[in-house]
Amino acid sequence: MLKLTKTLTFVALAATAALAAACSSTGGAPRENDAAAPVGSADTPRYVVAMVTHGAPGDTYWDLVRKGAEEAARKSNIELRYSSDPQAPNQANLVRSAVDAGVDGIAVTLPNPEAIGPAARDAVEAGIPTVGLNAGMEQYADYGLSGFFGQDETVAGTAAGERLKEDGASKVLCVIHEQGNSSQEARCAGVEKGLGGEVELLYVNGEDLTSVQATISSKVAQDSSFDTVFALQAPVAVRAAEAVGQAGSEATVVTFDTNAELVDAIADGRVAWAVDQQPYLQGYLAVDSLWLAKRNGATLGVGAPSTRGRASSTPLTSARSPRRRRRACGDGSGEHHGRPLAHP
């Protein structure tokens with residue numbers, strides 16, 4: 001049985017950002033100036049694959065997902081049609097449009113499975129190979145999807161909560177930027193489980209970062225007992241750091257997901273650490289799995305979600321030698337082969 005895994009990592013820097021910049025600002029994608037072998041094109045027919053996500057405009061996380069999807073499509077002679085909408089009914093309509101267009105495969109996120117799942121099931125019933133990614137790991141099989149590529153949100157949240165407990169945290173403000181997104185709810189629930197302390201949810205509109213900053217600032221100013229603000233995406237984390245400073249709070253800011261700006265925030269101490277879920281790999285594997293399904297009927301993971309079973313909470317702290325950097329960053333595929341990411 002072919003087993004594909006994906007890495008959950010913690011990124012934390014003390015004196016240097018070199019290692020995190022090498023690993024996490026690209027979300028697992030190769031850098032544009034990295035040396036790479038020429039990419040060939042498959043000799044299969046020109047398939048059309050639709051990727052439909054809930055990414056909001058300006059959320060750089062989805063740029064990395066899309067980059068992975070585009071590179072897999074280019075490699076496999078696929079025409080990729082990417083679309084997104086943060087509103088669940090609109091996203092469901094995008095899936096239905098892809099079905100009506102008769103695409104050869106669909107990759108879809110399920111942040112609100114009850115709203116989007118039926119449209120995904122319609123694709124399956126129409127004979128279109130369909131897989132899930134990023135959100136909906138617990139529910140994708142209920143709608144007949146043949147695979148899923150993403151992190152186990154509860155496992156990831158629990159690992160993050162355990163890390164916070166080690167850091168001495170006791171009261172956490174967990175900021176949910178997409179109301180109705182079950183994956184974000186699961187992350188915060190996992191944080192509470194791992195922490196064994198108090199976790200309060202704060203709902204904000206992730207599409208209005210100015211409002212996000214004001215809401216977080218007001219909350220931590222009103223309640224100085226929060227020792228941690230946990231964001232669930234990089235842009236919100238950067239605004240959370242500004243909000244904490246604005247309110248005069250001593251709360252530490254941590255987050256899920258990374259981008260180049262977030263790595264800089266870690267380097268200068270505004271954000272303590274981040275959980276990197278390898279968005280490039282999610283996009284790449286989702287598209288590649290659909291190509292395999294069309295080529296020879298293969299199913300990656302035999303229908304099981306393609307995730308890493310155990311989360312590593314060892315922080316990335318040093319880039320003292322090229323050997324350690326390679327060990328911490330893996331082999332470029334996003335897979336760390338079960339080894340700790342770095343040692344103190």
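I started with Y61 and W62 and found both buried. I keep in mind that this is a predicted model. My search of the whole structure for aromatic pairs returned 5. In the pair of Y61 and W62, the ring centres are 5.1 Å apart and the planes meet at 80°, so I logged the pair as edge-to-face; the cut-off for that class is over 60 degrees. I also noted one aromatic cluster formed by F230, F256 and W273.

**Lysines over rings**

Next I looked for charges over ring faces. K75 has its charged end over the ring of W291, 4.8 Å from the centre. K171 lies over the face of F226, with 4.7 Å to the ring centre. I followed both lysines into their salt bridges.

**Salt bridges**

The whole structure gave me 12 salt bridges. Which residue forms a salt bridge with K75? I found D288, with the closest N and O atoms 2.4 Å apart. This pair links distant parts of the chain: K75 is in helix α2 (residues 61–75), D288 is in helix α10 (residues 279–296), and 213 residues separate them. D288 has a relative accessible area of 14%, so I filed D288 as buried. K75 has 21%, so K75 went down as partly exposed. The cut-off for buried is under 20%.

K171 came next. Its salt bridge with E198 has the closest N and O atoms 4.0 Å apart. E198 lies in strand β8 (residues 198–203) and K171 in strand β7 (residues 171–176), so the pair ties together parts 27 residues apart in sequence. Buried or partly exposed, I asked of K171? K171 counts as buried, because its relative accessibility is 12%. E198, at 42%, counts as partly exposed. I then found K171, E198 and D223 linked in a network of salt bridges.

I also checked D268 with R270. They form a salt bridge, the closest N and O atoms being 2.9 Å apart. D268 is partly exposed at 46% relative accessibility. R270 is partly exposed too, with a relative accessible area of 32%.

**T130**

Last, I turned to T130. I placed T130 in strand β5 (residues 130–133). Its relative accessibility is 2%, so I counted T130 as buried. What lies 2.8 Å from a polar atom of the T130 side chain? I found the backbone oxygen of I128 there. Setting aside neighbours within four places in sequence, I listed the contacts of T130: I106, V108, A120, A123, V124, L145, S146, G147 and L290.

Notes: Residues are numbered from 1 along each chain as its sequence is written. This is a predicted model: local features need pLDDT of at least 70, side-chain atom pairs count only at pLDDT 80 or more; totals for chains, interfaces and linings use all residues. Side-chain values use heavy atoms; hydrogens and water are left out. Helices (H or I, at least four residues) and strands (E, at least two) are DSSP runs, numbered from the N terminus. Buried means under 20% relative accessible area, exposed over 50%, partly exposed in between (1.4 Å probe, protein chains only). A polar contact is a pair of N or O atoms within 3.5 Å; within protein, one must be able to donate a hydrogen and the other to accept it, and residues adjacent in sequence count only if both atoms are side-chain atoms. Contact means heavy atoms within 4.5 Å. Rings of Phe, Tyr and Trp (its six-membered ring) pair if their centres lie within 6.5 Å; planes under 30 degrees apart count as stacked, over 60 as edge-to-face and the rest as tilted. A charge sits over a ring if NZ of Lys or CZ of Arg is within 6 Å of the ring centre and within 35 degrees of the ring normal. A salt bridge is a side-chain nitrogen of Lys or Arg within 4 Å of a carboxyl oxygen of Asp or Glu.
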